[in-house]
Protein chains: 2
Amino acid sequence: MAEPDTVTRILDTAEVLFAERGFAETSLRNITSKANVNLAAVNYHFGSKKALIQAVFARYLDPFTLRFHAALDELEAQHRHDGSTIPLEELLETMARTVLEVPAERHSLKVFMRLLGLAYSQAQGHLRRYIQEQYGSVFRRFTELVRRATPELPDAERFWRLHFVLGTVIFTLSGLDALRDIAEQDYQDHVSVRDLVRRLRPVVVSAMQAPLPELPAQEAV
Amino acid sequence: MAEPDTVTRILDTAEVLFAERGFAETSLRNITSKANVNLAAVNYHFGSKKALIQAVFARYLDPFTLRFHAALDELEAQHRHDGSTIPLEELLETMARTVLEVPAERHSLKVFMRLLGLAYSQAQGHLRRYIQEQYGSVFRRFTELVRRATPELPDAERFWRLHFVLGTVIFTLSGLDALRDIAEQDYQDHVSVRDLVRRLRPVVVSAMQAPLPELPAQEAV
DNA sequence: ACACTGTTCAAACGATTGTTTCCAACTGTT
DNA sequence: AACAGTTGGAAACAATCGTTTGAACAGTGT
């Protein structure tokens, strides 16, 4: 088998170690020694550790945004000539399918989700800002379609609910290994990622379609 | 005003810095200089940085478990003499009330939630293990009550759904500041923590009561 | 007065971090 | 074959990390 080139070996090793231990807890020496490349290679090829982290994300997110845009194009085309709005279930289904599809090619979904979870829980959130700036457009397109699919929801309410379910998905899938251990020993429940997605589906839909909250209690202190 | 003692000053400063920047990214020198105590004070009073982190959690979780046990006692007593089972909404309501109540006294709920989020997203999860071991009993008691409140759910399904909503709550409240910024500038929506809890209520209830997923791939091996 | 306790302090320890330097090895063009 | 430019590698860089040390300090009891 032909050895992958240095850049690829670094990325492959880095994403696994980052996912396992976090960014600050993973040293460049850790990565380079496990990847069998020289320590200086990271700074040579990527410039800095921070740039390496962003490169790891880009390798997942670039193909994801591409495919997701394509999938949304197709979805919109289907519903254009009959003039119907895309139902919420189809939107969520499309997103789920794309998320499952992308890393399945070469990388691991578990790693991808763990990285996303880390990015969002990251301290001052300069990673979250990077993701928001770099990939915010596809997210805005998605939310606009969700808006048309759920006209009964006030804009602010929909915004929060989308983040509620985002939390559910990222939290669950990024902590998958630990949760799976507990589930197996407590309930003899052997669950795959696809099982989990199947379990998530009705929960997410119900969450989005939940009744509106009662009117805000008297604000002001 | 009387200066709090050294231990308290360290804890007060540490929890804020940990919540802002994470555990690995916050150095002891950072904490001690801001708290106006000597660097060696941390190792003297707590033994190690890891022990300090656990102490920060204990200061939140110890009073929480105490009050939550008491609240559940009261709830069970109310429903004992009329023989009814405690409805899910009341269970969730009680938990929410306790969570809001505890840090309100002296510390910040935002900090508490951020710490919880960090603990769960933490790498190898030795913090999660610590929390699980130290405070697992109150969580098990709660899940057992939820079990009686939702007899129609298979055990495994309820387990996963509880973690789904746990993800929603922790993810949302721990990333509150960043999300609030976006919400305000995009929707002129000024939310307080209590607003968010009000918004969470119907979503969480609907998520727990969502229809069962379509037929399992292969349940019960 | 002394000894004993718990606490604070400045200084240093060894280890590890991200990054840079300098030279050898290689690649492709002339 | 000779050169120029790119890539690889071992070593060193300065900075920062958590932790330890030993002395000074303040009370308390005898």
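Trainee: How many helices and strands does chain A have?

Mentor: Chain A has 10 helices and zero strands. Helices here are DSSP runs of H or I with at least four residues, strands are runs of E with at least two, and both are numbered from the N terminus. This is a predicted model, in which local features need pLDDT of at least 70, side-chain atom pairs count only at pLDDT 80 or more, and totals for chains, interfaces and linings use all residues. Residues are numbered from 1 along each chain as its sequence is written, chains are lettered from A and ligands numbered from 1 in the order in which they are written, and side-chain values use heavy atoms, with hydrogens and water left out.

Trainee: What box do the C-alpha atoms of chain A fill?

Mentor: Along the principal axes, that box is roughly 60 × 45 × 45 Å.

Trainee: How should I read two packed helices?

Mentor: They are described by the angle between their axes and the distance between the axes. The axes are lines fitted to C-alpha atoms, for helices over the stretch in contact, and angles run from 0 to 180 degrees between N-to-C directions. Under 35 degrees counts as roughly parallel, over 145 as roughly antiparallel, 65 to 115 as roughly perpendicular, and the rest as oblique.

Trainee: At what angle do α5(B) and α10(B) cross?

Mentor: They cross at roughly 150°, and their axes come within 11 Å. The two helices are therefore roughly antiparallel to each other. Their crossing is right-handed; that word applies if the near helix is turned clockwise from the far one by less than a right angle, and left-handed if anticlockwise.

Trainee: Which way do α6(B) and α8(B) cross, left-handed or right-handed?

Mentor: α6(B) passes α8(B) in a left-handed crossing. Their axes come within 8 Å and cross at roughly 120°, which makes α6(B) oblique to α8(B). The contact includes B:G117 and B:Y120 of α6(B) and B:L166 and B:I170 of α8(B).

Trainee: How far apart are the axes of α8 of chain A and α10(B)?

Mentor: The axes are 11 Å apart, and the helices pack at an angle of about 70°. α8(A) and α10(B) are therefore roughly perpendicular to each other. Contact residues include A:W160 and A:F164 of α8(A), with B:L196 and B:L200 of α10(B).

Trainee: What volume does the second largest pocket have?

Mentor: First, the idea: on a 1 Å grid over the protein atoms alone, a pocket is an open set of points where a 1.4 Å probe fits, with protein on both sides within 12 Å along at least five of seven lines; lining residues have an atom within 4 Å of a point. Grid points are joined across faces, edges and corners, and a volume is the space filled by probe spheres set on the points. Here, the volume is about 1300 Å³. Of the 48 lining residues, the closest to the centre are B:M95, B:F139, B:F142, B:L162 and B:L166.

Trainee: Which helix gives the most to that lining?

Mentor: α7(B) does, with 12 residues.

Definitions and conventions
Contact means heavy atoms within 4.5 Å.
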